[in-house]
Amino acid sequence: MDKENRLFQIAESQQGYFTSRQAEECGFSRANFHRKLKSGKWCKEELWGIYRLANYPYTLRSELALWTLWSADKQGNPQGVWSHETGLEIHELSDVASAKLHMSVPRSFRKSKKIPNNICLHFIDAIPQSDIENRQGYRVTTPLRTLADVILEGTTQYEQIELAILDLAIQKSLIKGLATIQEMERLQKFTDSQQMREIIAKAIDDVWTRANTQLVDFGRIVEPYTIGLLLEDQGFGTAVLCQHKSQYFLLTAAHVGRALRKAKSVRLLLRFDNIRREYPIQSAKNFTVIEWDLDFDGGMLGDVLTYKPKDLAIVIPTQVIIDTLKIYKAFYKIPEESQSISLQDALISLGGIEPIYSDNGKTLQLHLGPYAFVASSYCQLPDVDYIICPVSNHTYDMRNLRRKVIDSFEGLSGTGLWKFSNNNPILVGIAIAQDVAGYDPTLGLRNVYFHGPHSILSVLSTLGQANEHKL
């Protein structure tokens, strides 16, 4: 790669800016800089030692990249991280423009010249990488770290902080924003002001109220596609009612399908509330179970990423049972081709069964959701179609609008992971396992593993060929 292209790559990552040091490292002689300036290809900035590609387009916040280069140490490494009021602006958590740009720098930060009047420096200890987000040409503290900083400093108006807390949850979408509630509650420790604590609490309560309303709407949309399976002497699980082409079936986790094989009878749990209903018992022989990976071992759930089991199953009821289900429920139509799905949208899993024991500890009742298991973040593994979500154990009953915390997610396997687009649900995953070992009691989070949309289509195609079921 020639020096022009090397410099362009550097400048592009910094919104068109570069330093004289970076230009020299690319192979340009400092003695010839004036030629580039005279040709009009480079522009010299007022800040010493900083240049710009003349034809590179400006952005609304180009100055953030410029002043980041200004903050570089003698080795050329930028020291500044945008924070405080400027952090609120970057994250669009404030509609009040600050008179100065606020930057956090190490306590050892020094400049030979006077700090410009438009820059307000905050000298602090090292910021953990987990509290920093990388943008094009600059870094900024995360929204929660930014809020903690302004609360701790105590110079931002209370009303602005209250609005910022609300905006943070709404901006991430109310549903996904709920997963940050426990983190938001910890913001109260950064202030000694009772008024500020009350403002934080009020903002958080407002988020709960708004989000519950949205969760109810989503729950009503998805509930018809989800059922519970009470398997005689084999526990229980969840399944999504699906239609692919002309075939109707239940899509669930493989270990749920295997348990169904072993059971003598099955009770289909159709309504999602805490009222015990006695639906007709069905013989397990009325369900055909087709597993994606016949070598799957239930013990693999303990280390699902190492073994990478294809933990999915199709359960095909008899036509009589399908006709009965259609009276109470709806079948989600899976498209024949995989859709392009952005994981940047909020993902929630609706459904699940919570075991509730009576006082004697022996009588088991099933409390069905639909619960909203809120994912605070998620990732899709590159080598296998897994979606991993750190899921909160805060659950939300769609009918009763009550907030509660449960200790387990039993019955989550087989439930759907849904994305909503214009209030239309898209099935993007099936829950296959939860990582109990990864449970964080402080945050109330644990990892739940989902097979993604490509796996769902693969299981339909592969199993259809292997078992001569034309799905």
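Close-up 1. Arg107 is partly exposed, with a relative accessibility of 49% (partly exposed lies between buried, under 20% relative accessible area, and exposed, over 50%, using a 1.4 Å probe and protein chains only). This is a predicted model in which local features need pLDDT of at least 70 and side-chain atom pairs count only at pLDDT 80 or more, while totals for chains, interfaces and linings use all residues. Residues are numbered from 1 along each chain as its sequence is written, and side-chain values use heavy atoms, with hydrogens and water left out. Arg107 forms a salt bridge with Asp125, with 2.9 Å between the closest N and O atoms (a salt bridge is a side-chain nitrogen of Lys or Arg within 4 Å of a carboxyl oxygen of Asp or Glu). Arg107 belongs to the loop between β5 (101-106) and β6 (119-124), and Asp125 to the loop between β6 and β7 (132-135), so the contact ties together parts that are 18 residues apart in sequence. Asp125 is exposed at 53%.

**Close-up 2. Glu291 and Arg258.** The closest N and O atoms of this salt bridge are 2.8 Å apart. Glu291 lies in strand β14 (residues 287-291) and Arg258 in helix α11 (residues 254-262), so parts 33 residues apart in sequence are tied together (helices, H or I, of at least four residues and strands, E, of at least two are DSSP runs numbered from the N terminus). Glu291 is buried at 3% relative accessibility, whereas Arg258 is partly exposed at 25%.

**Close-up 3. Glu291 and Arg261.** Glu291 also meets Arg261 in a salt bridge, at 2.3 Å from N to O. Arg261 is partly exposed, with a relative accessible area of 45%.

**Close-up 4. A salt-bridge network.** Salt bridges link Asp131, Arg145 and Asp149 in a network. The structure holds ten salt bridges.
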